[in-house]
Every structure is written in C-alpha cells, then in structure tokens.
Amino acid sequence: MALDQLLQVQDLDIELDRVAYRLRHLPEREAVRAAEESLSSVKATTAKFAEERSVLLAEQESLERQIDAASSRIGAIEARLASPAAGSYRDQQAMGSEAESLARRRSELEDDELEVMERLEPLEQTMTSLDAQAAAIEANLNQRRAELKLAEEQLGKQRDEVAARRDELAVDVPPELAATYYRLKAKLGGVGVARLVDGMCSGCHLKLPASERDRILHSPEDQLSFCEQCGRILVP
Ligand SMILES: [Zn+2]
C-alpha cells in the first residue's frame, strides 16, 4: 500500500522535475537574453559615436570662439581706422595688414569649422538611426519580458498544483521509506522506486534472475526489496 503510494508520489516528483526543467530552459528567457544582448551592443556602439561626436562638438566650439575673437578684433581695428584717432599713416597700414591677416586666419578657421560640421552630419544620422534601433529593441525586449513573466507564472502555478498533490500523497508514506526513496532518486536520475514487471526491473529494464524474483515476490510485505542491478526500491 505504502509502496503503491510511493510510486504515485514518484510520478508527481517526475512531473515536478519536468516542470522545473522547463522553467530553467524557457525559450522565452533565451529570447529576453538575446534582446538584452543586442540592446547593450547597440548602446555600446551609440556610446562610441557619442564620444566621437562630443570631441567634434568641442572642436567646433573652440573654432567658433576663435572665429568670434578674430571677428571682434577685426571690428575693433576697423572702428579704430574709421575714427579720427586712427594715428599715423604707418600705424594705419600696420592695422590694415593685421586686419587682413586676421581675415585670412578667420577664413581658415571657418573652413576648418565647415569640415568639422561635415564630419558631424553623418555621425548625427548614424546616431539617430542607432537610437531608433535601440527603441525598437527595447520595445521588443519589454514584450519578451512580459512573455517570460507569463510563462514563468503559468509553470509556477502548475508546479504549485503538482507539489500540493504530491505533498498530499506523501503524508501517507512512512518517513524512513520516503528518505530512502529520495536518497535513491537523487542518485539515480530522478527514479528511486521501480515496479517489478514480468521479472524485469522497470527502473533499469534488466531481467532479474528467477530465484531473486521469487524471493522478492515472497518476501514479507513490510520488507523492502531492491533491484540488484540498479539499486532501486522494487515494488512487486
Ligand atoms: Zn533495476
């Protein structure tokens, strides 16, 4: 009676093991992991481009400051030249040539700035497209996470139901028998107790010698028998 009960407990234990295995190997979890990986890859690429962009923006800012400085210096010279305090002809000539040289310098700086802006433009485009990619992956990731949560909840519910049925049945199994069963189950791939069917152990599928089979079939009911081959508890 207790052994039959134990076999039912084992069936539920096997079901629980399967549910636990499915919980550990949910394809939804793999999908979440893949989405997380591609998101972090896109973010790493974006960070690289962002760094490149900030270097270029700093360069542009510095060029603009230099252009502004040249412009205001040119403005000051022109104002001075136009004023009655322009000074001697030599002074005016010197100022005029300084203004010209500043204008040339400013023109070079403007060319440099244009070049920086030309390098910034494709970078901005790439970053915009990366942001769009990240947003799409994030949306997908959220969906995958919701699917994973649902799958975990469903399997968790199934596990709790099976565990409740198992616990209910296990109450009637003597503690010593249960301990032997769980020790063997852990050692022997989840199956600790097997039926003896037509002289064959259903745990390892080996036929028992006739004498051994007879001994088991005629042993007292309160005495446990074990398979000689695999060591599992045998239920005649
Ligand atoms: Zn066996």
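Val197 has Met200 of strand 2 as its bridge partner. The model is predicted. The protein chain holds 5 helices and 4 strands. Its radius of gyration is 42 Å, whereas a compact globule of 236 residues would have one near 18 Å.

**Overall form**

- In order from the N terminus, the elements read α-α-α-α-β-β-α-β-β.
- Along the principal axes, the C-alpha atoms occupy a box of roughly 135 × 30 × 25 Å.
- Buried residues make up 10% of the 236 in the protein chain.
- Among contacts with a separation of 6 or more, 76% join residues 24 or more positions apart.

- Strand 1 (193–197) and strand 2 (residues 200–201) run antiparallel, joined by 2 bridges.
- The hairpin of these strands has 2 residues between them, and Asp198 takes a positive phi near 50° there.
- Strand 1 also pairs with strand 4, in the parallel sense, over 3 bridges.
- Strand 4 covers 233–235, and Ile233 in that strand is the bridge partner of Val193.

**Nonpolar core**

- The largest nonpolar core has 11 residues.
- Its members are Leu6, Val9, Tyr181, Leu184, Val193, Ala194, Cys201, Ile216, Cys227, Ile233 and Leu234.
- In soluble globular proteins, nonpolar side chains tend to be buried together.
- Val193 and Ile233 are both core members, and they are also bridge partners.

**Helix 1**

- Leu6, Val9, Gln10 and Asp13 are the buried residues of helix 1.
- An α-helix has 3.6 residues a turn, so residues three or four places apart point the same way.
- The cover over those buried residues includes helix 3 (89–170), helix 4 and strand 1.
- Leu6 touches Val173, Leu177, Tyr181 and Val193, leaving aside residues up to four places away in sequence.
- Of these partners of Leu6, Tyr181 and Val193 belong to the largest nonpolar core.

Technical notes
Residues are numbered from 1 along each chain as its sequence is written. This is a predicted model: local features need pLDDT of at least 70, side-chain atom pairs count only at pLDDT 80 or more; totals for chains, interfaces and linings use all residues. The radius of gyration is taken over C-alpha atoms; the globule rule is 2.2 Å times the number of residues to the power 0.38. A residue is buried if 20 or more other C-beta atoms lie within 10 Å of its own, exposed if 12 or fewer, and partly exposed in between; C-beta atoms are placed from the backbone. Two residues are in contact if their C-beta atoms, placed from the backbone, lie within 7 Å. A nonpolar core is a set of buried Ala, Val, Leu, Ile, Met, Phe, Trp, Tyr and Cys residues joined through C-beta atoms within 7 Å. Two strands pair if DSSP finds at least two bridges between them.
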